[in-house]
Amino acid sequence: MTLGTPRRAAWAFLLPALVYVLLFFGYPLVNNISMSLREYSVRSFYTGEAPFAGLDNYAAVLGDPLFGTAVLNTALFTIGSIFFQFTIGLALAVFFSGRFPGSALLRSLLLLPWLLPLVVSGAVWRWMLDQDHGVINAALRAVGLADGPTPWLTDPGWALPAVIIVNIWIGIPFNLVILHGGLRAIPASLYEAAALDGASAWQRFRHVTWPLLRPVTAVVLMLGLVYTIKVFDVIMVVTGGGPANATQTLTTWAYQLSFDGDFAFGQGAAVGNLLVLIATVFGLLYLRSARAALREEQR
Amino acid sequence: MTRYLRTAFGVAVVIVLLFPLYWMVNASLQPAGSLLKPSPDWLPVNGTLDGYRSALSTQGGHLLASLAVAAGTVVVSLIVAMPAAYALAQLRFRGVQAFVFALLIVQMVPGPVMANSLYTLFSEFSLIDSYAGLVLADSTATIPFAILVLRAFMLSIPRELSEAARVDGAGYWRVFRSIIVPVSRNAMVTAGLFSFLFAWADFLFAVTLTTGRAIEPITVGIYRFIGNQSADWNAVLATAVLASIPAAVLLVIAQRYVVAGVTGGALKD
């Protein structure tokens, strides 16, 4: 096979991916916008009829009392998860960047929670958080931190903190790996110089590590945002959005509207498009920080 | 802090953070009755494999379904991603930046949006409740990632290598097949492993695109298992252990590929 000029060859090699992206991303995104503007129901799948409804779906979604709940929960879930994933991940990255026997092995073991299917982690935590038979309550009782069992998953006040804790656990390894990579790129000579100047461990972190890690930090936080906003499996398996919608986020709500209730595909699509909008904003911010990190890397 | 104190602290961190995994294995080995005692057994002293027996008999088919979907996703992802990565890394043409940008953006589309749209698309083409449908849906997540990881690797293959072959009269296809593919073996393993892992772990597409329950991957199996009121937790957790095997194998056998994948997909552009 001869493919002529480099340009033609390039497009020929790119063709399968291009077709795939257009068909499986381009079409769904456009279709989702069209769906959000139509009145879609189970019947529509048989009759093919989905009358144009203008912005009715958006009005219905925005007017739903669940909308405020879902937005607030999504925000709390995202901010809570990211803050603790990042600080714990960073602390561990700093700790494991020191040389000591077994460091690499221990660090790679810590990847396991991140590689497991989220449904598996969700199932395990659901069992651990069980009010009567869960090990978390048993442990809290054993060390005297709680007198009675905490209703982690059945009390609306505890459920959101509980799923956030689960998601923090899942996200620590990702933060650890990327930040560890960033730390290794900082030249050791800078630390030696700082030590010669009599800088304490905290001063070395504050004035060498932190500023030099900034581009990587930005990337980790932005990627974390983009991924955490759309977390679905964890919440679905641990609480299913309940109790009393206490853990309902935009993703679980979008799923419920489309698939798990009255098959209001139009409204599900409307919530989905709001999510796309939010994710795109953060996505563009991510791309800016990724470029900054890349430039930093190439210096 | 001396080196060994650091090791001890590191071990303590690992024990705390991996405790849920120990607990999963521990509970999966205990008789269903002793899981319901007021205070838990910290060790599986009266261990039983009943949970695993029950898991294999009720969830065995789901495990096989996941295996088929994951293997199919790896094949489709690599077939589509390899040539694209070659073009984006090694051939000069306008549009490289735009395409890479598009790949980064589409990775951020939230899952429920994809599921919603693919459901309508697939129902038109009778792809609901089919292996092909699940493989195609899972590939939407793995192909952009695979292209980015493979491209990041292929950027490091010196262009002189393929240009020399071109001078010797090899066509682009020949260069791709005889030079790029063999040299990229490690990156292909990385991209393939992650594609496998993603498809194996996928829950959203599995639960939305298999409404007829003719095909049910293991993630959906676990989900419905828990939803069942009389959830038999030692069997649920035995299933969870079985579903963790690919991740554990990957970590032990292919650890360096894992780190390459995490950083390759996230940072390079």
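By class, five nonpolar, five polar and two charged residues make up the lining of the second largest cavity. The model is predicted.

Student: Which element gives the largest share of the lining of the second largest cavity?
Tutor: This cavity has a volume of about 70 Å³. Its lining includes A:W127 and A:H133 from chain A, and B:W23, B:N26 and B:A27 from chain B. The largest share, three residues, comes from α1(B).

Student: How many residues line the largest cavity, and how do they divide by class?
Tutor: The search of the whole structure finds four cavities of 30 Å³ or more, and about 1,400 Å³ of space lies in the largest. Its lining has 48 residues, with A:W114, A:L118, A:Y227, A:K230 and B:F198 nearest the centre. By class they are 32 nonpolar, 13 polar and three charged.

Student: What area do chain B and chain A bury between them, and what share of it is on carbon and sulfur atoms?
Tutor: Contact involves 99 residues of chain B and 92 residues of chain A. The buried area is about 8,500 Å², and the share on carbon and sulfur atoms is 79%.

Student: Which helix of chain B gives the largest share of the side that touches chain A?
Tutor: The residues on that side of chain B divide into 74 nonpolar, 16 polar and nine charged. The largest share, 17 residues, comes from residues 3-28 of chain B, helix α1.

Note on methods
Residues numbered from 1 in each chain as written. Chains lettered and ligands numbered in written order. Predicted model: local features only at pLDDT ≥ 70, side-chain atom pairs only at ≥ 80, totals over all residues. Heavy atoms only, no water. Contact = heavy atoms within 4.5 Å. Buried area = accessible area lost by both parts, 1.4 Å probe. Helix = DSSP H or I, 4+ residues; strand = E, 2+ residues; numbered from the N terminus. Nonpolar A, V, L, I, M, F, W, Y, C, P; charged D, E, K, R; others polar. 1 Å grid on protein atoms, 1.4 Å probe; cavity = no way out; pocket = protein on both sides within 12 Å on 5 of 7 lines; lining within 4 Å. Points joined across faces, edges and corners; volume = space filled by probe spheres on them.
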